[in-house]
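Look at the sequence and the 3D structure below before reading on. The report then goes through a few local features in turn.

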Amino acid sequence: TGINPMLVTIDESGTAVQPFAVPASNAEVAVGGNTIRYPLAEGFDIDYTVETFQVKQDLVIRERPTLEPNAAWFGLTESLRLPAGYALYHGEVLLTEEITQTQDALQIRNIETGELYAEIPAPVVMEDGKEPYHATFFVSAMGTQVFLTTAVEADWLMSEDRVFPLALDPSIKVT
């Protein structure tokens with residue numbers, strides 16, 4: 001699971017990440033079945049659902065946010081700590097401090113053997129009654145510390161066609 005999840009906006013360059021100002025939630029943590037709902041902020045929750053081979057994490061956006069004009073992206077940023085001897089890969093490329101922007105899956109592998117430890121599937125947004133929409137990862141890594149932002153384009157999010165709530169889905173599958 002991510003450490004210090006936070007709502008953010010990103011500018012057009014994809015490099016200027018800004019915290020999204022929203023009031024704190026007064027809701028309680030809720031547990032039901034195999035899901036824990038953590039209130040992140042007013043109108044935003046994080047659902048953690050334990051499945052057989054993955055922990056599914058959804059940022060639930062319950063209502064249309066009010067974004068600043070310079071926001072090109074909106075999403076959830078968090079950090080991950082990888083086990084010693086493991087690193088994050090995009091395909092065959094080891095990720096480093098340089099920000100990588102992708103809509104593809106990411107892999108956590110053993111640095112020496114290449115053995116797959118876990119996968120972070122391609123990010124999608126689930127919208128009631130509509131086909132899944134592909135979100136975008138903005139990711140960088142410094143050793144075993146990974147900084148991962150899962151975001152959608154602000155224009156798409158703010159469209160009158162959006163049906164709320166939405167579920168932005170960064171998940172981790174363990175092999």
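This is a predicted model: local features need pLDDT of at least 70, side-chain atom pairs count only at pLDDT 80 or more; totals for chains, interfaces and linings use all residues.

Residues are numbered from 1 along each chain as its sequence is written, and side-chain values use heavy atoms, with hydrogens and water left out.

**Aromatic pairs**

A pair of aromatic rings is described by the distance of the centres and the angle of the planes. Rings of Phe, Tyr and Trp (its six-membered ring) pair if their centres lie within 6.5 Å; planes under 30 degrees apart count as stacked, over 60 as edge-to-face and the rest as tilted. By this rule there are 6 aromatic pairs. Two of the pairs are set out here.

| Pair | Centre to centre | Angle of planes | Class |
|---|---|---|---|
| Tyr86 and Tyr117 | 5.0 Å | 50° | tilted |
| Tyr133 and Trp156 | 4.0 Å | 10° | stacked |

Helices (H or I, at least four residues) and strands (E, at least two) are DSSP runs, numbered from the N terminus. Tyr86 belongs to strand β8 (residues 86–90) and Tyr117 to strand β12 (residues 116–120), so their pair ties together parts that are 31 residues apart in sequence. Tyr133, in strand β14 (residues 133–134), and Trp156, in helix α1 (residues 154–158), are 23 residues apart, and their pair links distant parts of the chain.

Buried means under 20% relative accessible area, exposed over 50%, and partly exposed in between (1.4 Å probe, protein chains only). Tyr86 is buried because its relative accessibility is 17%, whereas Tyr117, at 36%, is partly exposed. Trp156 has 14% and is buried, while Tyr133 has 23% and is partly exposed. Ring pairs also link Phe20, Phe44 and Phe74 into a cluster.

**Strand β6**

In strand β6 (residues 54–61), 7 of the 8 residues are buried. Two strands pair if DSSP finds at least two bridges between them. β6 pairs with strand β5 (residues 44–50) in the antiparallel sense over 7 bridges, and these two strands form a hairpin with 3 residues between them. Val50 has Val55 of β6 as its bridge partner. With strand β17 (residues 166–169), β6 pairs in the antiparallel sense over 3 bridges; Leu59 stands opposite Leu168 in β17.

**Val29**

Where does Val29 lie? Val29 is in the loop between β2 (17–19) and β3 (30–32). Val29 is partly exposed because its relative accessibility is 47%. Not counting residues up to four places away in sequence, Val29 is in contact (heavy atoms within 4.5 Å) with Ile36, Arg37, Tyr38 and Pro39.
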